Amino acid sequence: MSNSTTLTDEQLDEFGKEMDAIRQRVMSELGEEDATYIRNVVKAQRGFEVAGRALFYLPPAWPLAVASLSISKILDNMEIGHNVMHGQYDWMGDPGLNSRMYEWDTMAPSENWKHGHNYIHHTFTNILGKDRDIGYGILRIDEDQEWHPYYLGNPVYAFLLMMFFEWGVALHDLEVENIVKGRRDWEENKALAAGIRRKMKRQVLKDYVLFPALTGPLFVPTFVGNATANFIRNIWTFNIIFCGHFPAGVATFTQEECENESRGHWYYRQLLGSANITGSKLLHLMSGNLSHQIEHHLFPDLPARRYPQIAEEVREICQRYGLQYNTGSLGKQLGSVAKKIFKMALPPKGTTFPGLSVLTGGRTSTTESQAA
Amino acid sequence: MSIVSNLLASRALEALTSPHGVDRYLELVNPMWAAREVRARIVDVHREVDVAGHPPVATITLQPTSTWQGHRAGQHVQLGVEIDGARRTTRVFTVSSPDSRQGDRFTVTMRANPDGLVSRHLVEAEVGTMVHLSQAQGEFILPDQVPEHVLFISGGSGITPVMSMLRSLQRRTHRGRVSFVHYAQSPEHQIFAAELAEIARTGYGVDVHLLHPELGDPALSPAWLERLVPGYRDVPTWACGPAPLIDAVQKAYTDSDVLQVEYFKAPVVSTGAAEGDVTFTRAGSTAANTGATLLEQAEAAGLKPEFGCRMGICFSCTATKKEGTVTNVLTGETSSLPDEDIRICVSSPQGDCAIDL
């Protein structure tokens, strides 16, 4: 939904300065606590990973093995990978936690993902036509995306994307939708595609050949277990990420609105373009603190463990400026996203289709059906 | 040992531990286990010089992981420590012990200058502390065939590489002559004093000259050097020390090709303004500092560095600042660390600055 700015330029400036002040304060506080925290998360992740791999040797422990490996992959992708690759821990000077060196346990090569995510998505958040994460080039997720009969499959595409999310994220950087539209040349993709193939080969070799083979006669259960862990990670990350920008009430912006944008307006757009999930500490950890998507989008390079600490302050500032702070339980946000995926599958009210009759959620919109 | 290390460095294990690599797992079990990286445990900290009111000099003994490939006398190593348990900071130190082989213990000797973040940390470090290492580096080394007569000239803590060389020669029972010339502030400030006195007394063919210009000893000049080491311009010479000493040495060896030098760089100090030059080290070009961000200055110089948001959030433009002071235009924070990763879209240089672009 497009949004016209409710604040004056002066208010936006003030709002931006308040956000800058939070950022600067937290930056100056970074230290041993943050370092210890992320190192402990890494330790836990590696522990779950090794335990998961080992438990496949004990057939009765298969569910435990899958659970361990799933937790490992989720921690690796969310609280560690996503956040480290944002540069949140670059200040530590540890090559193992450096945004330029970290590689994560998923199909997408870090290099491509950082470009598409850190730059394109975080800079042009929710600007239609610029932020490729609005529907990922596959889904219709906003009223201002033009409807097309293709989108009748919206729920099916969303389901498939959820199940194969790690593959989808990897292929996202190829911008296939732009190639279809003739805006991008396949030649530009050759190097990218080669990198993706290399990474996929390594991931497939590890999860579907080497580790199953190492368990000898248990090849099949290990293979299925690894696949299940990957599915569980896919489903979880998809759901968390979709709750970040797609629940009802999240604003999108036009390119005109964001021309020569001030820093204050950038913050404003990040706030209104994101949504939080309320929940326990465990939920925050397993979501890589993307349950605080708003704080993450305001301060993408602050260590994510700081988001819950500053959330109250951000919320209070939003209240003073009369700005919406979109938050809700996981159930509420997921329901809202699901509803939207189904709703956006159907053409908007008043769409006319000469010679075609379409069921539009109880509304009839073509002349033929009116005649009928 | 070698079977284990071959296994640890094998492609099979690399594939199984992809994408993180073997070392990311080993380090969690035992920090002294490594397949590729080099780390070391501090096993001794020994004060060489401790004059009240002056920065102390200390020798740190390191037990490296088995991945340490050894060093040749005269080489240095990058050594990283966790400052305040969070910020790994890396500096270069010269190895002071004789040639080492794979996995051998070795020592580094350093003066803990007040602005030396890492050296101050190290001289106070507790035994058992882990540090991060590179492999040994540097071309300031003795040749395999050591010449009949060699001359070492050093000043202050520049004694470390030539001390490593002298110790190696002692161990190799070098039969030729060694002339060892060292400048120190005073006898109290003499690093390795006892060992040098012992070598002077018993060493075969080693002349040790310890000089203290502040107490009236002659400064280095061609005439004086000629008197000390006749025909010195034909004697293979290794010199290490502060820049003024090296300048004097280089003048004494004009048109001679027997000299090898190593000197400490004076740190580039911020002038607090848009003065000085910006050097793009990879492109090999230099431009006057306009005070704009380094990204803008690089683009103005015709370079095309990678960039993204241009507002300091996406880290696409991160590059290594080799030296100089930069200000973060968002926060006003300044930083002067050498070899520091910075986001060039929000960093503007103050005074001279070199960036790896």
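Predicted model: local features only at pLDDT ≥ 70, side-chain atom pairs only at ≥ 80, totals over all residues.
Q: OK, cores. How many residues are in the largest nonpolar core?
A: The largest one has 62 residues. A nonpolar core here is a set of buried Ala, Val, Leu, Ile, Met, Phe, Trp, Tyr and Cys residues joined through C-beta atoms within 7 Å. Buried means 20 or more other C-beta atoms within 10 Å of the residue's own, exposed means 12 or fewer, and partly exposed is in between, with C-beta atoms placed from the backbone.

Q: Which element gives the largest share of this core?
A: Helix α5 (residues 159–171) of chain B, with 6 residues. Helices are DSSP runs of H or I, at least four residues, and strands are runs of E, at least two, numbered from the N terminus. Domain 1 (37–133) and domain 2 (149–263) of chain B each supply at least three residues to this core.

Q: And what does V249(B) touch?
A: Beyond residues up to four places away in sequence, V249(B) touches I153(B), L220(B), A239(B), L259(B) and V261(B). Contact means C-beta atoms, placed from the backbone, within 7 Å.

Q: Switching to chain A: is P212(A) buried or exposed, and why?
A: P212(A) counts as buried because it has 21 C-beta neighbours inside 10 Å. P212(A) sits in helix α8 (residues 190–214) of chain A. Its contacts, leaving aside neighbours within four places in sequence, are F219(A), T222(A), F223(A) and N226(A).

Q: Back to B. What is the strand order in the open sheet of 6 strands?
A: The order is β4-β3-β6-β1-β2-β5 (chain B), with antiparallel pairing. Strands pair if DSSP finds at least two bridges between them. The edge strands are β4 (87–94) and β5 (106–111) of chain B, each pairing on one side only.

Q: How many bridges between β3 and β4(B)?
A: Strand β3 (residues 76–83) of chain B and β4(B) pair over 8 bridges, in the antiparallel sense. G80(B) stands opposite T90(B) in β4(B).

Key:
Residues numbered from 1 in each chain as written. Chains lettered and ligands numbered in written order. Domains from an automatic or database assignment. Contact = placed C-beta atoms within 7 Å.
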